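I opened my notebook to look up the sheet and the pockets of this protein. Here is what I wrote down, one topic at a time.

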Amino acid sequence: MSFMKDITPLVRNNFLSGIDVLSRRAAQITVEIQQGERTNYNKVLDLSSGDLHRGGIKPITFVRQVLAACFYPALLEDDSLPLDVKQRAEILLSECDGGSIGSYTDSSGIAKIKLCVSQYITRRDGGVPSSPDNIFIKSGSQTALMIMLKLLIRSKDSCQTGVLIPVPTYASFTLALEEQGAAIIPYHLCEEQGWTLHVEELRKALHTGRKTCNPVALYICNPGNPTGHMQSRKSIEEVIRFAAEEKLFILADEVYQSCVYGDDTEFYSYKKVLSEMGSTISSTVELASFNSVSKGFMGECGLRGGYVELVNLDPAVKEYARRLFSTRSCPPVIGQIALDLMADPPKPGDPSFPTFSEEAQSIKNMICKNTGRIQEVFSELPGISCQPLKAGFFVFPCLHFPPKAIKWAKKRQMEPDMLYCLHLLEETGLHVRPGCEYGQRKDSHHIRLFVATQQNIMEDALQRLKTFHMRFMKEFS
């Protein structure tokens with residue numbers, strides 16, 4: 001009984017924040033369905049997280065074939081595997097001590113895979129150089145981001161270290177900042193203009209933040225989660241100039257960079273734009289860019305592979321960063337292999353290319369169709385508005401609740417969108433997330449809906465949402 005009283009408040013608050021009412025209730029409802037206690041729907045549709053495979057998307061064949069051969073090298077003698085699969089698996093196994101993926105690797109990742117990632121970055125950015133020495137592979141981009149926060153945040157200083165973060169942003173990052181003892185400096189994205197990031201808003205937030213803390217870093221999520229927005233090149237340039245003027249370290253979370261489907265939309269990495277801004281800025285602004293195998297058409301969330309590339313760090317600081325990354329054990333080898341396959345997929349002429357190309361394009365087409373269908377349904381529903389989706393895995397529509405619904409939620413001491421999500425789950429079995437988890441402007445309300453799922457699942461989810469929403473709006477008008 002004394003445990004929760006004795007542990008540090010930071011850990012206790014984090015623990016309590018992790019008690020997820022919606023997820024627990026979804027699990028309980030699943031059990032009720034299995035026991036025959038519910039008859040109004042036959043399963044819970046979980047569109048609450050960005051997990052491609054949970055959404056019914058099949059893994060990429062080439063990825064799983066190479067992984068299978070690395071796990072069980074006897075498959076290299078199997079004639080059913082394409083030649084390029086065998087060759088890739090043999091190369092990867094040769095980089096592992098003892099020829100086994102069960103061996104430890106360097107704490108920053110296998111050298112060959114770091115080289116592969118740096119070559120991928122150079123291709124992505126049109127020839128901008130990337131060095132393997134600046135690549136650190138970890139068990140997911142979030143792990144790399146947490147280590148960078150340790151590097152930047154001075155928890156023992158009399159003045160708290162501040163980090164500027166967007167509103168909305170995903171809740172686990174906010175919790176991580178609090179756990180590290182950082183001061184959170186929120187800046188609001190402009191929803192009415194497609195979740196645009198305005199430098200004026202950054203200046204305002206920074207001015208306010210400097211009254212109570214020492215701001216050192218600016219966190220950017222591009223493409224956006226949960227908003228699905230994409231920054232233009234001009235916007236990125238403005239943000240970089242702002243960071244240069246104010247001497248802020250840029251943390252660029254770019255894990256959704258391959259999930260781009262908006263018309264006339266193109267992804268520009270912060271590193272590429274920075275490199276083309278003239279030596280005064282391009283050689284001085286410090287940047288950490290993050291990517292992951294969990295997002296994009298691979299969607300290998302469970303394999304745990306991600307990286308960070310460091311740009312323009314002082315050599316002494318980079319050496320300290322290297323030591324900090326080395327305090328963790330090596331990243332999972334399976335996740336490192338997945339990164340290698342993401343960075344260097346089959347090319348035209350390779351035996352696996354036709355299947356790989358067809359599967360990857362099929363996933364992208366499905367997401368495009370889903371986003372179009374979502375916009376179509378939302379446009380028909382009263383009390384819902386949604387900005388055009390340009391990238392990422394989520395849609396973040398705004399719910400315009402009648403005053404009666406707001407009053408109803410206040411009586412129950414809950415945020416209106418949380419109560420909406422609870423009743424949506426209870427009455428229809430559809431599990432989505434409330435906007436209050438991500439931060440939002442005062443008196444605005446949202447839900448976050450995962451879009452990268454099979455089309456039949458999406459149609460079922462939209463029908464459930466439509467039926468519930470119409471009934472909800474009628475009841476509270």
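A pocket here is an open set of grid points with protein on both sides within 12 Å along at least five of seven lines. I note that the model is a predicted one.

**Entry 1: the largest pocket.** I looked up its volume and found about 990 Å³. Its lining counts 38 residues, and nearest the centre I found Tyr170, Ala171, Ser172, Tyr438 and Arg448. Helices H3 (21-34), H7 (141-152) and H8 (171-180) are the elements that give two or more residues to this lining. H8 gives the most, with 5 residues. I sorted the lining by class and got 13 nonpolar, 14 polar and 11 charged residues.

**Entry 2: the second largest pocket.** Its volume is about 570 Å³. I found 29 lining residues, with Tyr120, Ser258, Phe297, Met342 and Pro345 closest to the centre. Which helix supplies the largest share of this lining? I found that H15 does, with 6 residues. By class, I noted 12 nonpolar, 8 polar and 9 charged residues.

**Entry 3: the sheet.** I followed 7 strands through an open sheet of mixed pairing, in the order E2-E8-E7-E6-E5-E3-E4. At the edges are E2 (135-138) and E4 (183-188), each pairing on one side only. From one strand to the next, the twist averages 20°. I then checked helix H9 (residues 199-209), which packs on the sheet and touches E3, E4 and E5. Its direction makes about 155° with that of E4.

Entry 4: E3 (residues 161-167) and E5 (residues 214-221) run parallel, joined by 4 bridges. Here I found Thr161 opposite Asn214 in E5.

Technical notes. Residues are numbered from 1 along each chain as its sequence is written. This is a predicted model: local features need pLDDT of at least 70, side-chain atom pairs count only at pLDDT 80 or more; totals for chains, interfaces and linings use all residues. Side-chain values use heavy atoms; hydrogens and water are left out. Two strands pair if DSSP finds at least two bridges between them. Axes are lines fitted to C-alpha atoms, for helices over the stretch in contact, and angles run from 0 to 180 degrees between N-to-C directions. Contact means heavy atoms within 4.5 Å. On a 1 Å grid over the protein atoms alone, a cavity is a set of points where a 1.4 Å probe fits but cannot get out, and a pocket is an open set with protein on both sides within 12 Å along at least five of seven lines; lining residues have an atom within 4 Å of a point. Grid points are joined across faces, edges and corners, and a volume is the space filled by probe spheres set on the points. Ala, Val, Leu, Ile, Met, Phe, Trp, Tyr, Cys and Pro count as nonpolar, Asp, Glu, Lys and Arg as charged, and the others, Gly among them, as polar.
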